[in-house]
Amino acid sequence: MLHIKETIVVEGKYDRERLRKITDAPIIVTGGFTLYKDKKIINAIARAAKETGIIILTDSDSAGFRIRNYIKQNLRDEGKILHAYIPSVEGKEKRKDAPGKEGILGVEGMTEEVLAEILKNTATPLSPAPKNEIKITKATLYADGLSGKKDSDKKRRCLAKELSLPPRLSPNAMIEILNRVYGYERYKKAIDKINRKF
């Protein structure tokens, strides 16, 4: 398992699932061209670029390069942006009936070995967290009413809005981004603000 500092930006959920097998880094999914319509996604990417740095890992087709360039243009000098590229390999992903428009494999079609090598050559290895740093866990979210309670979904959306995160983050995805990008103190300030509204 690769432990890296940067947040990885990919196009789709299947890309994320592929990368989950080789790294525990935070991953932001653009939803393909949904990125153009949803400012929350680009805001989350910008925040990650400032806090952890990002690695843009899109497909090698024209759509992947358009998404990559859109992120680059919108972020400009906002934090650390690294680019990782997959090789252009003809074929189709196993879950698809036919190859994509350009007939080449995307991130989800790459082997774990290829993806691991690409990330090793691009990413910054993660240093161990300080021992006294408080980690946000599922128990933290539960205690703060963000999971397992009647208004949990509403509270999570409020937190996402407060921190400029995509609104439909699962509790697990939220924990990952909170720990890697924001930290406990920033999280607690946001929660205190939200609790005053409930």
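User: Which helix do Arg157 and Asp153 lie in, and how many residues apart are they?
Analyst: Both lie in α7 (residues 152-162), four residues apart, which is about one turn of the helix. Keep in mind that this is a predicted model.

User: Why would that spacing matter?
Analyst: An α-helix has 3.6 residues a turn, so residues three or four places apart point the same way.

User: OK, what do the side chains of Arg157 and Asp153 do?
Analyst: They meet in a salt bridge, at 3.4 Å from N to O. Arg156 comes in as well: Asp153, Arg156 and Arg157 are linked in a network of salt bridges.

User: What does Glu162 pair with?
Analyst: Lys193, through a salt bridge whose closest N and O atoms are 3.2 Å apart. That pair links distant parts of the chain, with Glu162 in α7 and Lys193 in helix α9 (residues 184-195), 31 residues apart. Glu162 is partly exposed at 27% relative accessibility, and Lys193 is partly exposed at 37%.

User: How many salt bridges does the whole structure have?
Analyst: A search finds ten. Another one of them joins the side chains of Lys80 and Glu6, at 2.8 Å from N to O.

User: Where do Lys80 and Glu6 lie?
Analyst: Lys80 is in the loop between α4 and β4, and Glu6 is in the segment before β1, so the pair ties together parts that are 74 residues apart in sequence.

User: Switching to α4. What span should it have, and how far apart are its ends?
Analyst: At 1.5 Å a residue, its 14 residues should span 20 Å, and the end C-alpha atoms are 20 Å apart, so the two agree.

User: Which residues of α4 are buried?
Analyst: Ala63, Gly64, Ile67, Arg68, Tyr70, Ile71 and Leu75. Looking down the axis of α4, they fall within an arc of 160 degrees, so the buried residues line one face of the helix.

User: What covers them?
Analyst: The cover includes β1 (7-10), α2, α3 (39-51), β3 (54-56) and β4 (81-83).

User: What comes after α4?
Analyst: Arg76, with a positive phi, near 45 degrees.

User: Now the rings. How many aromatic pairs are there?
Analyst: Four. One of them is Phe33 with Tyr36, a tilted pair at 5.3 Å centre to centre and 35 degrees between the planes. Tyr36 also pairs with Tyr70: the ring centres are 4.4 Å apart and the planes sit at 55 degrees, so that pair is tilted as well.

User: Which parts does the pair of Tyr36 and Tyr70 tie together?
Analyst: Tyr36 lies in α2 (residues 34-37) and Tyr70 in α4 (residues 62-75), so the pair bridges parts 34 residues apart in sequence. Ring pairs link Phe33, Tyr36 and Tyr70 into a cluster. Tyr70 is buried at 16% relative accessible area, whereas Tyr36 is partly exposed at 31% and Phe33 is partly exposed at 33%.

User: Last one: which charged ends sit over the rings of Phe65 and Tyr14?
Analyst: Arg68 has its charged end over the ring of Phe65, 5.7 Å from the centre. For Tyr14 it's Arg95, with the charged end 3.8 Å from the ring centre.

Methods
Residues are numbered from 1 along each chain as its sequence is written. This is a predicted model: local features need pLDDT of at least 70, side-chain atom pairs count only at pLDDT 80 or more; totals for chains, interfaces and linings use all residues. Side-chain values use heavy atoms; hydrogens and water are left out. Rings of Phe, Tyr and Trp (its six-membered ring) pair if their centres lie within 6.5 Å; planes under 30 degrees apart count as stacked, over 60 as edge-to-face and the rest as tilted. Buried means under 20% relative accessible area, exposed over 50%, partly exposed in between (1.4 Å probe, protein chains only). Helices (H or I, at least four residues) and strands (E, at least two) are DSSP runs, numbered from the N terminus. A charge sits over a ring if NZ of Lys or CZ of Arg is within 6 Å of the ring centre and within 35 degrees of the ring normal. The expected span of a helix is 1.5 Å times one less than its number of residues. The arc is that of the directions from the helix axis to the C-beta atoms. Contact means heavy atoms within 4.5 Å. A salt bridge is a side-chain nitrogen of Lys or Arg within 4 Å of a carboxyl oxygen of Asp or Glu.
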